[in-house]
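Here is a short briefing to read alongside the model. Have the viewer open, and follow the topics in turn.

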Amino acid sequence: MDPRILGNGSSRKESRTADTAFRLYWGRKAVNVADVYFLPLADMNPEGFERLASRAGRIVPKRGTSLVAVKIHPGEDGNTAFIPPRLIGMMVKALKLPVGRTFLTDTTVLYGGRRMSAPDYHLLAHEHGFTMPDLPPFIVADGLRGTGELKVELPSWCTTRSARLASILGETDAAVVLSHFKGHSLAGFGGALKNLGMGLASRGGKLFQHSSVKPRVRDGRCTGCGTCIESCGSGALTIESGVAVLNTGRCTGCGGCLQRCPSGAIGVNWDMASGEFITRMTEYALAVTLTVKVKFYANFLLNVTPDCDCMKSDGHVLVDDIGVLGSRDPVALDQASLDMVTAAETAEGSPVKCPAGTDKFTALRPQCNGSAALETAERIGMGSRRYRLVEV
Ligand code: SF4
Ligand code: SF4
């Protein structure tokens with residue numbers, strides 16, 4: 001395939017802020033057009049991944065002791081749509097990531113399930129096939145209970161002042177982000193930007209993105225056992241009339257109590273509108289890239305499900321499998337992925353039926369403007385929506 005210049009991005013000349021941000025992020029002048037490499041479905045074998053990796057250039061940091069994180073999503077219990085471990089293995093091998101200094105990683109989650117604490121998440125990842133020695137070890141990025149946190153200041157042109165990221169990023173020298181491209185109930189779709197911004201936030205950071213920061217005690221569930229009181233370092237929880245009461249003035253929104261309650265009585269206020277959620281998520285994505293140098297991104301356009309990998313799969317997909325896209329620019333990568341899914345016919349059994357050329361994610365959830373993440377990411381300097389697509 002000839003290289004093609006595609007995408008909807010604005011000219012860099014239109015925004016001095018974007019150029020400043022771009023310099024901060026990339027350490028060089030802004031580029032107008034980023035390269036995105038496409039490995040078609042039929043070529044997804046070790047040789048194909050080698051060709052894709054060779055276009056990415058040098059991945060391994062120069063220092064012999066450097067540690068490399070590979071951000072993945074091993075799938076919630078009952079989900080089968082996540083990137084298969086054998087493909088993660090092919091990509092890791094093709095990138096020649098250093099054995100013994102590379103690890104797979106993800107963070108714990110806000111809600112119930114098997115990913116609330118590191119031990120259960122390790123077991124689940126093992127059950128889903130993310131096992132040594134075929135793959136690097138899987139290490140949870142935000143501690144045993146999701147409270148391992150690193151605070152990072154954001155540039156002045158972001159609406160978020162500081163981001164609460166997974167603590168492991170503070171000790172990581174370089175990263176590779178491998179994302180399953182699919183739908184998402186709030187973001188519209190999820191790719192590299194969502195994998196960065198939500199996937200590498202601490203529990204407190206996730207709470208900030210999803211909600212008005214403070215959790216709530218659910219009516220009728222609290223037994224008054226007091227476990228949460230001990231877990232709250234801010235003294236924001238007390239027992240009154242036999243049930244826990246949250247003092248929102250004292251609560252810092254750290255999210256530490258969410259995993260502690262044995263009765264599931266402490267929940268998230270899922271009250272964030274899609275637009276604000278997308279802005280916060282994207283600014284968190286910038287915070288991650290300002291903390292650790294992400295050397296390469298790949299989006300797997302396989303099992304393009306309506307929902308994210310935190311949900312159980314029902315076997316329905318929006319489009320048939322397409323292949324893998326790789327780039328050094330997460331914005332161009334997500335734009336190219338969206339464009340490819342848009343260009344495809346809807347699959348048999350898809351929950352939305354629309355002609356090729358229609359944005360399937362918007363057709364599925366008209367209330368979510370997934371492109372807002374791309375617009376925000378370009379404006380704050382993370383990359384370019386204009387790209388050159390090169391088949392490898
Ligand atoms: S841990 Fe849960 S059940 Fe126990 S007091 Fe706190 S909110 Fe109530
Ligand atoms: S979120 Fe953190 S500060 Fe707020 S009540 Fe829970 S543990 Fe305490």
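Helix 6 (residues 203-210) and helix 8 (residues 274-291) cross at roughly 145°, with their axes coming within 8 Å. Axes here are lines fitted to C-alpha atoms, for helices over the stretch in contact, and angles run from 0 to 180 degrees between N-to-C directions. This is a predicted model, in which local features need pLDDT of at least 70 and side-chain atom pairs count only at pLDDT 80 or more, while totals for chains, interfaces and linings use all residues. Residues are numbered from 1 along each chain as its sequence is written, while chains are lettered from A and ligands numbered from 1 in the order in which they are written.

**Helix 6 and its surroundings**
- Gly205, Phe208, Gln209 and His210 of helix 6 meet Phe277, Arg280, Met281 and Tyr284 of helix 8; contact is taken as C-beta atoms, placed from the backbone, within 7 Å.
- This contact of helix 6 with helix 8 has 4 nonpolar, 3 polar and 1 charged residues (Ala, Val, Leu, Ile, Met, Phe, Trp, Tyr, Cys and Pro are nonpolar, Asp, Glu, Lys and Arg charged, and the others, Gly among them, polar).
- Helix 6 is largely enclosed by the rest of the structure, because 8 of its 8 residues are buried. Buried means 20 or more other C-beta atoms within 10 Å of the residue's own, with C-beta atoms placed from the backbone.
- The cover over those buried residues includes strand 6 (149-153), strand 7 (162-166) and helix 8.

**Strand 3 and its partners**
- Strand 3 (residues 68-71) points Val68 and Val70 one way and Ala69 and Lys71 the other, and all are buried.
- Strand 4 (residues 102-106) runs parallel to strand 3, joined by 4 bridges; strands pair if DSSP finds at least two bridges between them.
- Another 4 bridges join strand 3 to strand 8 (residues 174-180), also in parallel.
- Val70 has Leu104 as its bridge partner in strand 4, and stands opposite Val176 in strand 8.

**Around ligand 1**
- Of the 14 residues around ligand 1, Cys222, Cys225, Cys228, Ala244 and Cys261 come nearest; a residue is near if its C-beta atom, placed from the backbone, lies within 6 Å.
- The shell divides into 8 nonpolar, 5 polar and 1 charged residues.

**The chain as a whole**
- The protein chain has 11 helices and 17 strands, which are DSSP runs numbered from the N terminus (helices H or I, at least four residues; strands E, at least two).
- Of its 392 residues, 48% count as buried.

Note on methods: A residue is buried if 20 or more other C-beta atoms lie within 10 Å of its own, exposed if 12 or fewer, and partly exposed in between; C-beta atoms are placed from the backbone. Two residues are in contact if their C-beta atoms, placed from the backbone, lie within 7 Å.
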